[in-house]
Amino acid sequence: MSNEFLVARIEFAASQCRAQKLAARELAETLRGNGRALEAMPYALIKEMECIALDLDIAAWTDEDGFLLPDLTVVLEKLEAWLKQVPRTA
């Protein structure tokens, strides 16, 4: 699959998450699955993708114990900025 196609899948999942039609944990899985298949990715972008996916996992947890959890809106903004850096052609 081309990078363009994989990025489109991630962007669609992110839009579904923003619309509350997809859980943050599912977006994290989509990001990891498609992000790991991207070609010509600099190591720094790979590491950043893993951090964003982890933030999405953590944002999905409930705040039962009073912990400060990542704000999903902020994580989605990070994801959007990351997607702008991803090579569209390999």
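Me: What covers the buried residues of helix α4 in this predicted model?
Reply: In this predicted model, the cover over the buried residues of α4 includes α1 (3–18), α2 (24–35) and α3.

Me: Which residues of α4 are buried, and what puts them on the same side of the helix?
Reply: The buried residues in α4 are Val75, Leu76, Leu79, Trp82 and Leu83. They lie on the same side of α4 because the arc they cover around the axis is only 120°.

Me: How do you know that the span of α4 agrees with its number of residues?
Reply: Helix α4 takes in residues 72–85, which is 14 residues, and at 1.5 Å a residue these should span 20 Å.

Me: Why is leucine 45 called buried?
Reply: Buried means under 20% relative accessible area, and leucine 45 has a relative accessibility of 7%, so leucine 45 counts as buried. Leucine 45 has its place in helix α3, residues 43–60, and, leaving aside residues up to four places away in sequence, it touches Trp82, Gln85, Val86 and Pro87.

Me: What makes aspartate 57 buried?
Reply: The relative accessible area of aspartate 57 is 13%, and the cut-off for buried is under 20%, so aspartate 57 is buried. Aspartate 57 is also found in helix α3, and, when residues up to four places away in sequence are not counted, aspartate 57 touches Arg25, Ala28 and Arg32.

How values were computed:
Residues numbered from 1 in each chain as written. Predicted model: local features only at pLDDT ≥ 70, side-chain atom pairs only at ≥ 80, totals over all residues. Heavy atoms only, no water. Helix = DSSP H or I, 4+ residues; strand = E, 2+ residues; numbered from the N terminus. Buried < 20%, exposed > 50% of the residue type's maximum accessible area, 1.4 Å probe, protein only. Contact = heavy atoms within 4.5 Å. Expected span 1.5 Å × (residues − 1). Arc of directions from axis to C-beta.
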